[in-house]
Amino acid sequence: MCLAVPMKVVEIDEGTAICEIDGVRREGSLMMIDDVAVGDYVLLHAGFAIEKIDPVEAEKTLEVFRDALDAGLSAE
Amino acid sequence: MKYAGEFRDPALAKAMLATIKKQVADYSGVITLMEVCGTHTMSVYQHGIRNLLPQQIRLISGPGCPVCVTPIGYVDRAVAHARCEDVIIATFGDMVRVPGSSSSLLREQATGAQIKIVYSPLDAVALAEKNLEKKIIFLGVGFETTAPTIAGSIVAAKQKDLSNYFVLCAHKTMPAPMAALTSDPELQVDGYICPAHVSAVIGADAYKSLAEQFKVPCVVTGFEPLDMLKGVQMLVQQVLDGRAEVENEYQRIVKPQGNGKAQALLAEVFETCDSGWRGIGVIPNSGLRIRDEYRAFDAKVQLPVEAEEPKEHKGCLCGEILKGKLVPKDCPLFRMACTPENPVGACMVSSEGTCAAEYKYGC
């Protein structure tokens with residue numbers, strides 16, 4: 001039930017964002033987050049944007065995985 | 001899918017698995033890690049993570065599916081409301097198939113009850129606006145990820161001055177059940193994979209007292225397979241180091257303090273209460289109830305109804321499975337009397353239940 005989908009904000013109309021993923025559009029209430037701009041990625045859950053996605057932190061996390069790969073580790 | 005596909009890269013997953021295997025190569029014991037989120041349960045099964053991990057690491061599922069932990073008496077009450085002609089039940093899809101003591105919402109729908117599955121609680125508010133002669137009862141089930149959306153719907157209904165929108169509230173909160181399970185002498189949990197989107201609301205710091213008081217490592221972990229493996233790796237490292245801290249693998253979403261606006265919305269509409277968990281019993285301060293200021297929207301207060309005496313199915317082991325003490329295959333009903341088509345227990349009904357996940361993906 002706690003599944004939420006990372007979606008791109010394509011339009012903002014007062015307190016509602018139109019969010020899109022793979023061509024699917026959904027409305028998301030912005031009651032729970034501030035400072036959202038078109039182009040941001042938000043986590044959409046049950047018709048509400050519950051959090052913004054931090055692109056810098058996302059990249060940092062991926063970097064940790066790439067480091068493991070670069071360290072020459074691979075599965076048996 | 002941006003911010004999802006990158007975290008499913010098989011090459012990076014293999015490297016992370018190799019890291020984990022190296023970590024425990026000289027470890028002779030078993031490290032038991034528990035996840036307490038239905039979406040984590042699904043991820044573990046969907047991506048075959050349990051089978052990929054070395055044998056020293058055991059993953060178990062705890063009470064993380066809100067549909068599964070909702071007591072049967074709640075379903076009976078929803079059924080009783082559904083039988084009233086002036087009522088429309090609005091709910092997320094998972095709740096309609098949950099068996100009550102003698103019926104379910106799906107069965108009531110077949111005999112004429114009005115049950116509407118909605119995507120958002122705001123859709124239920126819109127339903128109330130369109131059907132002023134009806135009472136719309138939304139089934140408020142879910143953890144802190146979902147509870148603020150229901151709080152938002154109640155605030156919206158108040159702003160619209162609606163007097164026919166009600167919530168039958170059974171919200172539950174983390175991390176109280178984790179503390180309860182950690183205190184259970186029959187259960188050994190060496191580390192918690194903390195729920196991803198619950199933590200987006202409550203914040204990673206919410207687990208600090210759990211980690212400190214019970215000396216149990218906690219790692220907030222995302223739902224994608226790479227997130228899961230990284231979370232496991234971080235927990236294993238804490239166990240090997242003898243540390244018990246809160247760490248956050250899911251920093252692209254989860255902040256130490258969580259989402260302040262969502263927390264404020266929760267506090268505006270709800271207050272903490274003791275709450276009954278199916279299979280576990282009452283856990284102090286583990287639920288939410290509607291505040292007096294919003295009692296006009298509280299179905300429990302405004303719409304008294306007589307429900308049948310709750311009766312659990314004999315032989316159903318959902319309770320022990322929810323606590324992580326047994327696995328679905330231990331239950332004599334699993335795959336026999338209890339299947340996704342004809343579920344007996346809640347763990348089989350909800351698509352995020354441990355039994356449903358084992359049935360679909362298990363081998």
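**View 1. Helix 1 of chain B passes helix 12 of chain B in a left-handed crossing.** Left-handed here means that the near helix is turned anticlockwise from the far one by less than a right angle. This is a predicted model, so local features need pLDDT of at least 70 and side-chain atom pairs count only at pLDDT 80 or more, while totals for chains, interfaces and linings use all residues. Residues are numbered from 1 along each chain as its sequence is written, chains are lettered from A in the order in which they are written, and side-chain values use heavy atoms, with hydrogens and water left out. The axes of helix 1 (residues 10-23) and helix 12 (residues 225-241) of chain B come within 10 Å and cross at roughly 15°; axes are lines fitted to C-alpha atoms over the stretch in contact, with angles from 0 to 180 degrees between N-to-C directions. Helices are DSSP runs (H or I, at least four residues), numbered from the N terminus. That angle is why helix 1 and helix 12 of chain B are roughly parallel (under 35 degrees).

**View 2. Helix 1 of chain A packs on helix 1 of chain B at about 70°.** Their axes are 8 Å apart, and the two helices are therefore roughly perpendicular (65 to 115 degrees). On the chain A side, the contact (heavy atoms within 4.5 Å) is made by A:Phe65, A:Arg66, A:Ala68 and A:Leu69. Their partners on helix 1 of chain B are B:Ala11, B:Leu12, B:Ala15, B:Met16 and B:Thr19.

**View 3. A:Glu51 forms a salt bridge with B:Lys255.** The closest N and O atoms are 3.0 Å apart. The count between chain A and chain B is two salt bridges (a side-chain nitrogen of Lys or Arg within 4 Å of a carboxyl oxygen of Asp or Glu).

**View 4. Helix 7 and helix 8 of chain B make a right-handed crossing (clockwise).** Among the residues in contact are B:Leu122 and B:Val125 of helix 7, and B:Ile150 and B:Ala156 of helix 8.

Technical notes. Angles under 35 degrees count as roughly parallel, over 145 as roughly antiparallel, 65 to 115 as roughly perpendicular and the rest as oblique.
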